Amino acid sequence: MAELQGRLKLLRKLAESRGFTESYQEEQIIQGNVVCHKKRSPATDERYARALDHWKLWMLSKGLPEDQYFKVDDPHPPIQILKLFAESFIVLREGPLPSQHTVVHTLSCFMSEWERITSKRVPKINKNDVYNHIKNVLTPKYGLSTQHRERFPVTKLDLDILLRHLYEKDDHDYIHERSRFQDAFGLALFASSGARAGAIVESSSYRNSNEALYYEHLSLNLRWDASQQRVKYWVTLNPEFLKGNRYNDEAIIPKNWISEQRNLGRNFVFWLMVCGIADNAFKGIVTLDELLEKIPPKGRESWTLEWKEGALRLPVFRKVTASGPDPSRALTFSSLRNDYSSLAKRAYFRDSLRVHGIRGAVANAVDPKASKAARTQALDHQNPDTFKKYQSKVKQLDLGACFWNEEPDHESHAIEESMIHHRDPNVPQKLDAATVVEVENDPRMMGVYQQVDILNRKIAGDPDKHEDLVAERAKLYNKAAKLRRAKKGEFIENWWKSSYDEYILGNEFTERDTTDVFDICRKYMPERARLRENLFQEVPIHSELGRQCLHDMLNLIKSEERVAYYPGESPVDGKCPLCSKEMASIDIQCRSKHVLQCRRKSFNAAPYQQRYKNGKRAHRRVHTTFLEWCYLCAKWFHTVEEWKAHCESHLASLQPRCGLLTFRFTLVAPGFCPFCLGDDAKQPDERFQQWRTKVTLLTHINSHLEKMDPTSPVQCPHPCCEARWYGDNVKLRHHFFNAHSIEEPRRNCISTKRKWLCDDEGKVDPECPKMSRLE
C-alpha cells in the first residue's frame with residue numbers, strides 16, 4: 001500500500017508539472033463539453049463562411065436577427081425557409097445568375113455549417129426536398145445553367161506537342177528561363193505520376209502555407225545494368241500533401257516510382273537531374289559530370305543519392321522572378337494554371353490545359369483489366385468508384401469494326417479524345433488591326449487615356465515628386481491592359497466560332513505574319529538552338545547527346561543575364577569588351593547598343609551607316625570607314641560590295657515581317673519598308689535599308705503613302721504578298737499591321753500620330769486627347 005501511495009505522489013507531481021492539476025480538471029468539468037470537429041482547409045472554411053454570410057444578409061433584410069435558428073433553444077429551420085433562402089441567393093446575387101450547381105452547393109454548405117454550429121442534424125428527407133425544389137422549380141423559373149464545367153481531355157499526343165512547342169517553336173520570352181523549364185518539368189511529372197496539382201505546388205486551398213513538393217519527397221535511385229554496361233535511374237515520389245491525407249501521418253500511402261523514358265524530353269529523370277544541380281541540392285555532388293559518374297558502391301546492386309540537409313524542405317517548383325527562382329517560396333497553383341493556359345493558347349489549342357486533364361489521361365492509360373485495388377492505389381483514391389469519373393468521353397470500342405470484324409482505326413480514336421482535335425495553327429495570337437481600332441476607340445479606353453493625359457500633365461516629367469500620381473497612373477495602365485486582354489480573349493473566341501464558315505468559303509487565313517520569330521532569336525540562345533534539335537531524341541542520359549542537353553538546359557536556367565547580346569559582342573567580366581565600362585552602369589535597354597557603338601568607333605566608322613537624300617553615303621563625306629551591321633545575321637560588313645551582295649541574298653529569301661523586333665532589350669530584327677523591298681529599280685542596299693526605330697520607319701512609310709491617292713484601291717508592294725489589293729490607304733496600313741507586323745505607336749505616345757486609328761473617311765477621332773493635341 002505504501003508503495004502505491006508513493007507512486008501516486010510521483011504521478012501527481014508529473015501531472016502538475018505538465019499542467020494537469022486538480023484545479024484544471026475542475027475547470028474543465030464545470031465548463032462543459034465543447035464539440036470537436038474534423039479539421040478543414042482554409043479554403044473550405046472560407047466557402048462555408050460565405051454561405052453563412054448570405055444567410056445573415058437575408059435575415060437582416062427580413063428584419064430578423066442574423067443568428068436566427070442558430071441559438072440553442074431555436075428549432076430547425078423550416079423547409080419553406082430553406083427554399084426561400086435558396087431563392088434569395090439567386091435573386092440577391094450581383095452580376096450574372098449562378099448556376100444550378102452553385103445554388104445547390106451554397107445551400108449544402110449552409111446546412112453543413114448550421115449542423116456544425118448547433119450540433120443538430122437536418123433530416124435527409126428535408127435536404128432532398130430542398131435540392132429537388134432547386135432543380136425542378138427554381139432552375140426553370142430563373143433559367144439557371146445546368147451545364148458542368150467541361151473536362152478537357154489530355155492525351156500523350158497533346159503533351160508531346162506542348163513539350164516540343166516549349167523548346168522547338170515557342171518564341172514567348174519568359175521572365176526567366178527557369179519558368180519555361182518548370183513548365184516542361186511539371187508536364188513530365190504529371191504525365192509520369194498522375195499527381196494532383198495541389199500535391200506538387202502550393203494549393204489555392206492552403207494559401208501562404210508553402211506546402212508543396214519538397215526535395216525530401218523525391219529520391220533519385222541508380223542501379224548498374226550489366227547487359228548495357230551503364231547506369232539506369234528511377235525516381236521514387238512520396239508527396240506529403242495529398243488530398244484527404246494532408247495532415248494524416250497514420251495513413252500509409254504507397255510511393256510512386258518513375259522509370260526512365262527513351263525520349264529525353266519526356267524523361268522525368270533528366271529534368272530532376274538538371275533541377276537538383278541548379279539548386280545545389282545533391283549531397284556531395286556539385287556538377288552534372290560528377291552526378292553522371294556516380295555508380296552503385298562495390299557490392300551493392302542499387303544506390304539512392306541523398307539531398308543536402310538544407311535542401312530537404314526546399315520546394316522543387318518555386319516562384320520565379322527576373323533574377324531567377326525564389327530562394328524558398330513555392331510556386332502557386334494560380335501561377336501554374338496561368339502558365340499552362342497561356343502555353344496551350346500559344347500552341348494553337350482551343351481548349352485549356354488542366355492538370356486534372358493530364359491526371360484523367362493517366363487514369364485512362366491504366367490497364368482496364370487491372371483490379372479496383374490497383375487502380376485506386378495508382379491514383380491515390382479513397383473511394384474505388386471515383387475512378388469512373390476519369391473515364392474518357394469517347395467509348396474505347398469501335399463497334400462498327402467489331403461488328404464487321406475489321407481492324408479499328410485507333411489513330412482516329414486517339415485524336416477524337418484529345419485536345420488536338422481542336423487545334424489550329426491559323427488561330428490568331430494577337431488582335432488584328434480592325435479589332436485594335438475597335439478597342440482603342442472604346443469609350444472606356446478613351447476615358448483611361450484622358451485620365452492618363454491629365455496625370456501626365458500633373459507629373460510633368462518628375463515622377464519622384466509625385467509618387468501618389470505615378471501609382472494612380474500605373475493603375476490606369478493596368479486597367480487598359482485588362483481591357484486589351486479581355487478583347488483579345490473575345491476576339492480569339494469569336495475566331496473559333498466563325499472559322500468553320502471561313503474554311504467552307506475557302507479562306508486560308510493568309511492575312512497574318514508567318515515569320516518564325518524563334519528563327520530570328522535562336523542565335524542569341526545557342527543552348528536553346530541545340531535543344532531544339534536534340535532534346536527529343538531517343539538517347540540515354542549518359543550518351544554524348546544526353547550530356548550536351550543536360551549542360552545546355554542547366555546553363556539556360558542558371559543564367560542571370562537579362563540582356564541578349566549580339567554574338568561575339570558579349571561583355572567580359574561584366575564590362576564592355578572595348579571600352580571596359582561597367583555594363584551595370586548603363587541602362588539595361590542600351591547595353592547591347594553601347595557595345596555595338598563601341599565596335600563601330602574601333603573601326604573608325606560612323607555611329608550608324610547613314611545615307612543622304614541624294615543617295616550618297618555619309619561616310620564618304622566625313623572620311624569615315626564603311627561599316628554595316630546586319631541585324632538578322634549578326635555580322636559585320638566592311639565594304640559596300642560585300643554589303644550589297646549580302647542584301648541580295650536576303651532579298652532572294654524574304655520573310656513577311658517588316659516590323660522591328662526586340663528580344664531581351666536588344667534589337668534583333670530591324671524594320672523594313674515594304675515599298676522599298678518591292679522596288680526593283682533601286683539598288684539592293686537601298687531596298688534592304690534597315691530602320692532601327694519605329695518612328696523613323698513609320699515616317700518613311702508615310703512618305704510613300706502621301707504620294708498616293710488615300711481613297712483609291714492600292715496594292716501591297718511587298719514581294720511576299722502576291723499582288724494583293726486593298727480598298728484605301730487605311731486598309732493597307734491594317735494589312736501592314738496584320739501581315740507584316742508593322743506596329744504603330746499606341747495612342748498615348750505623342751511623338752507620332754497613329755494614322756490607322758480613324759474612321760472610314762480617314763478622319764482622326766476628335767475624342768482622343770492625344771490626337772487633338774497633335775493636330
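Helix axes here are lines fitted to C-alpha atoms over the stretch in contact, and angles run from 0 to 180 degrees between N-to-C directions. With that in hand, take α27 (residues 694–705) and α28 (residues 729–740): they pack at about 145°, with axes 12 Å apart. This is a predicted model, where local features need pLDDT of at least 70 and side-chain atom pairs count only at pLDDT 80 or more, while totals for chains, interfaces and linings use all residues. Residues are numbered from 1 along each chain as its sequence is written, and side-chain values use heavy atoms, with hydrogens and water left out.

**Helix pairs**

- A quick word on names: helices (H or I, at least four residues) and strands (E, at least two) are DSSP runs, numbered from the N terminus.
- Back to α27, which passes α28 in a right-handed crossing (right-handed if the near helix is turned clockwise from the far one by less than a right angle, left-handed if anticlockwise).
- On the α27 side, Ile701, Asn702 and Leu705 meet Asn729, Leu732, Arg733 and Phe736 of α28, contact meaning heavy atoms within 4.5 Å.
- That α27–α28 contact splits into 4 nonpolar, 2 polar and 1 charged residues (Ala, Val, Leu, Ile, Met, Phe, Trp, Tyr, Cys and Pro count as nonpolar, Asp, Glu, Lys and Arg as charged, and the others, Gly among them, as polar).
- Next up, α8 (residues 177–193) packs on α21 (residues 544–558) at about 130°, with axes 7 Å apart.
- The α8 and α21 pair is therefore oblique (under 35 degrees is roughly parallel, over 145 roughly antiparallel, 65 to 115 roughly perpendicular and the rest oblique).
- Glu177, Arg178 and Phe181 of α8 touch Met553, Leu556 and Ile557 of α21, a contact with 4 nonpolar, no polar and 2 charged residues.
- Then there's α7 (residues 156–169) with α11 (residues 333–346), at an angle of about 85° and with axes 10 Å apart, so α7 and α11 are roughly perpendicular.
- Leu162, His165 and Leu166 from α7 make that contact with Leu343, Ala344 and Arg346 from α11; by class, the α7–α11 residues are 4 nonpolar, 1 polar and 1 charged.

**Domains**

- The chain is assigned domain 1 (1–30), domain 2 (42–142), domain 3 (156–422), domain 4 (433–519) and domain 5 (604–740), with bounds that come from an automatic or database domain assignment.

- Asn210 isn't a glycine, yet has a positive phi of about 60°; look for Asn210 in the loop between α8 and β1 (218–225).
- Arg664, also not a glycine, has a positive phi of about 50°, and sits in the loop between β9 (661–663) and β10 (666–669).
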